[in-house]
Amino acid sequence: MASEKEEFVTKLYVPTGEPIRKNGHVTIYRVRCMKEPGKPEALLKLYHNKNCAKVYERLRQLNYTEWPRVHDVKFFDGNTLVVEDYLKGATMQEIMDGKRAQKSKYTEAEAQKIMERIAEAVKVINEIQPPLSHGNLKKSNIFITSGGHVKFLDFEPADPKKPRFNLFEFLGRLFHELLTGKEPKGRVVSYEGRYKKVIEKCLEPNPDHQYTDIKEMNDDIEEAKEMEFEEPEDVITLGIPYVLTLPFQGTILAAEWILFSFFFQKDNMTNAALFGATFVIHLLLFIWRRWKFIHDADVSLDHSKIIVPALVFVAILAVIYVGVGRFIVPIT
């Protein structure tokens, strides 16, 4: 006769393949809930050498929308087995890693909406009586569903041996990363925008000056959202090597263009081809080296900063060509 554990993991919830994650902390399977209508998909999580059955049993009974619906909880041989809804979406860790890979970030409006939903979810679980705490809150445990809803994953009892979790410091660092694409260095806020004071108060080293209530933080976010604020322009200062500056390279290119124009209008095609080829090769090399420098510096330039200098450069070449034809060639 099958044991209760075997019954649980082989008949009630049947894995559909190999584990989708396996480490020293947890093993996760995608399973079919055989006892439910339609046999829906779910996740079976096996927490190794950890008893968090009481926490998940409470989550199952409460059944709030701030975490995946818990179907079942069992404690076997020092391990906790939890079956919960299979969600479509990604964790904040996965989302931010993807943003960094694409070298992009959220707009202020997008970041504010995400932060507002996360803070609201925190507020809900804080108001549950008796209090329900998440002893393991981090980016990889905040899930954003494909519909934009926030779900908290992997609840654990608070560990009295670990330093007390600073919720507002965590939220401030997350808000900073949403807005800038980077976590703050220590408690230094590099973000300049309407929500700067909110982040600074979250990261305030003196606990007496930090937020103590999630509602207070939400109110400040809402107030900052409504106030008039002129976005500061991104001022990009690059230590561009002198050999890659427009004045230096422009002078050389102009000299080559003058020689090309002179020989071309004198019908000396050999020299014209020589200086014309030199000009084109030098121009392409300059464009490539300058682009590579800016790319390596991780700087994005808007279209106006690319198109306007290009148009000015073409106009200067046109003036030189006409000037050579009108004034230099006829008198030589």
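Predicted model: local features only at pLDDT ≥ 70, side-chain atom pairs only at ≥ 80, totals over all residues.
Local features were taken at pLDDT of at least 70 and side-chain atom pairs only at pLDDT 80 or more, whereas totals for chains, interfaces and linings use all residues. Residues are numbered from 1 along each chain as its sequence is written, and side-chain values use heavy atoms, with hydrogens and water left out.

The protein contains 10 helices and 9 strands. These are DSSP runs, numbered from the N terminus (helices: H or I, at least four residues; strands: E, at least two). Of its 332 residues, 37% are buried. Buried means under 20% relative accessible area, exposed over 50%, and partly exposed in between (1.4 Å probe, protein chains only). The accessible surface comes to about 20,000 Å², by the Shrake-Rupley method with a 1.4 Å probe. Carbon and sulfur atoms contribute 58% of this surface. Among contacts (heavy atoms within 4.5 Å) with a separation of 6 or more, 59% join residues 24 or more positions apart.

Helix α2 spans residues 53-62, and its buried residues are Ala-53, Val-55, Tyr-56 and Leu-59. Seen down the axis of α2, these fall within an arc of 160°, so they line one face of the helix. The arc is taken from the directions from the helix axis to the C-beta atoms. An α-helix has 3.6 residues a turn, so residues three or four places apart point the same way. Lys-54 and Gln-61 are exposed on the other side of α2. Cover for the buried residues of α2 includes β4 (41-47), β5 (70-76) and β6 (79-85). Asn-63 follows α2 and has a positive phi, near 55°.

Aromatic pairs number 12. Rings of Phe, Tyr and Trp (its six-membered ring) pair if their centres lie within 6.5 Å; planes under 30 degrees apart are stacked, over 60 edge-to-face, and the rest tilted. Phe-165 and Phe-170 have ring centres 5.8 Å apart and planes at 50°, so this pair is tilted. Phe-165 is partly exposed, at 39% relative accessibility. Phe-170 is buried, at 13%. Trp-257 and Phe-279 also form a tilted pair, 5.0 Å centre to centre with 50° between the planes. Trp-257 lies in α8 (residues 246-265) and Phe-279 in α9 (residues 269-296), so the pair ties together parts 22 residues apart in sequence. Trp-257 is buried at 17% relative accessibility, and Phe-279 is buried at 6%. Trp-257 and Phe-279 belong to one aromatic cluster with Phe-260, Phe-264 and Tyr-321.
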